[in-house]
Amino acid sequence: MKSPSTFKYAFAAVLSLTLVSGGTALHLSGQPTLTDSQDRIFDSAIAMWTMGATTLFGLLSSRMTTTEESDAD
């Protein structure tokens with residue numbers, strides 16, 4: 001049985017953290033007022049969502065580049 005690659009583990013970790021932070025930001029954005037603590041969490045969730053989405057694009061594009069280079073050989 002072949003074990004999952006490091007790429008799959010990294011992709012799953014980044015995807016789950018991105019989805020959780022996006023869900024948190026979405027939930028907090030629907031609140032009428034936020035406390036100072038909630039406001040800091042909201043800012044952090046938006047930052048994590050942005051970094052996670054960027055990282056996912058980077059992971060996928062590097063995977064596509066690696067696959068294309070393997071096909072060319």
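Here are some notes on this predicted model, point by point.

1. Ground rules first. Because this is a predicted model, local features need pLDDT of at least 70 and side-chain atom pairs count only at pLDDT 80 or more, while totals for chains, interfaces and linings use all residues. Residues are numbered from 1 along each chain as its sequence is written, and side-chain values use heavy atoms, with hydrogens and water left out.

2. The overall fold. The protein chain has two helices and zero strands; helices (H or I, at least four residues) and strands (E, at least two) are DSSP runs, numbered from the N terminus. Helix α1 covers residues 6-29, and helix α2 covers residues 36-72.

3. Burial and surface. Of the 73 residues in the protein chain, 15% count as buried. Here buried is under 20% relative accessible area, exposed is over 50%, and partly exposed is in between (1.4 Å probe, protein chains only). The chain exposes about 5700 Å², with carbon and sulfur atoms supplying 65% of that; the areas are Shrake-Rupley values with a 1.4 Å probe, and for residues only the protein chains shown count as cover.

4. Contacts across the sequence. Contact means heavy atoms within 4.5 Å. Among contacts in the protein chain with a separation of 6 or more, 67% join residues 24 or more positions apart.

5. Setting aside neighbours within four places in sequence, Thr 18 contacts Trp 49, Gly 52, Ala 53 and Leu 56. Ser 21 also belongs to helix α1 and is buried, with a relative accessible area of 4%. Leaving out residues up to four places away in sequence, Ser 21 touches Ala 45, Met 48 and Trp 49.

6. Trp 49 itself. This residue belongs to helix α2 and is partly exposed, at 39% relative accessible area. Together with Leu 15 and Leu 19, Trp 49 makes a nonpolar surface patch of about 280 Å².

7. Aromatics. Rings of Phe, Tyr and Trp (its six-membered ring) pair if their centres lie within 6.5 Å; planes under 30 degrees apart are stacked, over 60 edge-to-face, and the rest tilted. That rule gives one aromatic pair: Phe 7 and Phe 11, stacked at 6.0 Å centre to centre with 20 degrees between the planes. Phe 11 is partly exposed, at 24% relative accessible area.

Note on methods. Patches are made of residues with over 30% relative accessible area and no salt bridge: like charges are joined within 9 Å, nonpolar side chains (Val, Leu, Ile, Met, Phe, Trp, Tyr) within 5 Å. A salt bridge is a side-chain nitrogen of Lys or Arg within 4 Å of a carboxyl oxygen of Asp or Glu.
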